[in-house]
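Visitor: I have a structure to go through and would like to ask about it piece by piece. Could we look at it together?

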Amino acid sequence: MELGLVHLYWGEGKGKTTAAMGLALRALGQGARVVIVQFLKGADTGEVPLLRQLGAEIYRGKAGQKFIFQMDEAEKAATRRLQDQNLAAALARPADLLVLDEACAAWQLDMVDRQLLERAVRGRPAGQEVVLTGRTPAPWMEELADYSTEMRCHRHPYEKGIAARKGVEF
């Protein structure tokens, strides 16, 4: 049986989700079963429809389109429930590659069942690759990572007032 490793793409810079989705595309191209959970993300981004067409199973969404810091307690509770449901549904599917996009933020903001998330990584099936992304990983994520890549921002178009662009940032 092939070895399944843990990938951690983290930091303040751009490219964490892009790296994870690139790996998902590569895995799909090799006939792998890919399951993706996108925590705390609402509207579809450019890669989502194509990854679905290629066979990836994608679980995503939140209660409304607000950022967590803008939500009231009821909206946060609804989002937490949805994140838990999405993670549980994803874990019930067979996967060679499991992408847990924004897992660091979901953990840090307490927007997911932390035991379930940690168990998804520590107790993964033999041979399953797992990807975690986000700005600030929990210590256990860093400890388990076989690959740990920090994305650091040295310059960003936002600093020049350039808004997110379709097909590049979303």
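Visitor: Is L40 buried or exposed?

Guide: L40 is buried, with a relative accessible area of 14%; buried means under 20% relative accessible area, exposed over 50%, and partly exposed in between, with a 1.4 Å probe and protein chains only. Please note that this is a predicted model, in which local features need pLDDT of at least 70 and side-chain atom pairs count only at pLDDT 80 or more, while totals for chains, interfaces and linings use all residues. Residues are numbered from 1 along each chain as its sequence is written, and side-chain values use heavy atoms, with hydrogens and water left out.

Visitor: Where is L40, and what is its phi?

Guide: L40 belongs to the loop between β2 and α2 (47-53). Its phi is positive, about 60°, although L40 is not a glycine. Most residues other than glycine have a negative phi. Helices (H or I, at least four residues) and strands (E, at least two) are DSSP runs, numbered from the N terminus.

Visitor: What about the phi of D110?

Guide: D110 also has a positive phi, of about 55°, and is not a glycine. D110 is located in the loop between α4 and α5 and counts as partly exposed, at 38% relative accessibility.

Visitor: Changing topic: in what order do the strands of the sheet run?

Guide: Six strands make up an open sheet in the order β3-β2-β4-β5-β1-β6, with parallel pairing. At the edges are β3 and β6 (147-150), each of which pairs on one side only. Two strands pair if DSSP finds at least two bridges between them.

Visitor: By how much are neighbouring strands turned against each other?

Guide: The average is 10°, direction ignored. Axes here are lines fitted to C-alpha atoms, for helices over the stretch in contact, and angles run from 0 to 180 degrees between N-to-C directions.

Visitor: How many bridges does β2 have with β4, and how many with β3?

Guide: β2 and β4 are joined in the parallel sense over five bridges, and four bridges link β2 to β3, again parallel. Q38 has D101 as its bridge partner in β4, and Q38 stands opposite R60 in β3.

Visitor: Which residues cover the two faces of β2?

Guide: V34, I36 and Q38 lie on one side, V35 and V37 on the other, and all are buried.

Visitor: Back to R60. Which side chain does it make a polar contact with?

Guide: The side chain of R60 makes a polar contact with that of Q38, at 2.6 Å. A polar contact is a pair of N or O atoms within 3.5 Å; within protein, one must be able to donate a hydrogen and the other to accept it, and residues adjacent in sequence count only if both atoms are side-chain atoms. R60 is itself buried, with a relative accessible area of 12%. Not counting residues up to four places away in sequence, R60 touches several residues, including K41, D44, R52 and N86; contact means heavy atoms within 4.5 Å.

Visitor: N86 is in α3, then. Which residues of α3 are buried?

Guide: In α3, the buried residues are K76, T79, Q83, N86, L87 and A90. Seen down the helix axis, they fall within an arc of 95°, so they line one face of α3; the arc is that of the directions from the helix axis to the C-beta atoms. The face turned away from that buried side carries the exposed residues E73, A74 and Q85.

Visitor: What do the buried residues of α3 pack against?

Guide: They pack against β2 (34-38), β3 (57-60), β4 (97-101) and α5 (114-122).

Visitor: What is at the N-terminal end of α3?

Guide: D72 caps that end, with a side-chain oxygen 3.1 Å from the backbone nitrogen of A74. For α5, D113 caps the N-terminal end: a side-chain oxygen of D113 lies 3.0 Å from the backbone nitrogen of Q115.

Visitor: Which residues of α5 are buried?

Guide: L116, L117, A120 and V121 are the buried residues of α5. They cover an arc of only 135° around the axis, which puts them on the same side of α5. The exposed residues Q115 and R119 are carried by the face turned away from the buried side.

Visitor: Last one: which residues does D84 touch?

Guide: D84, found in helix α3, touches V112, D113 and L116, not counting residues up to four places away in sequence. D84 is partly exposed, with a relative accessible area of 25%.
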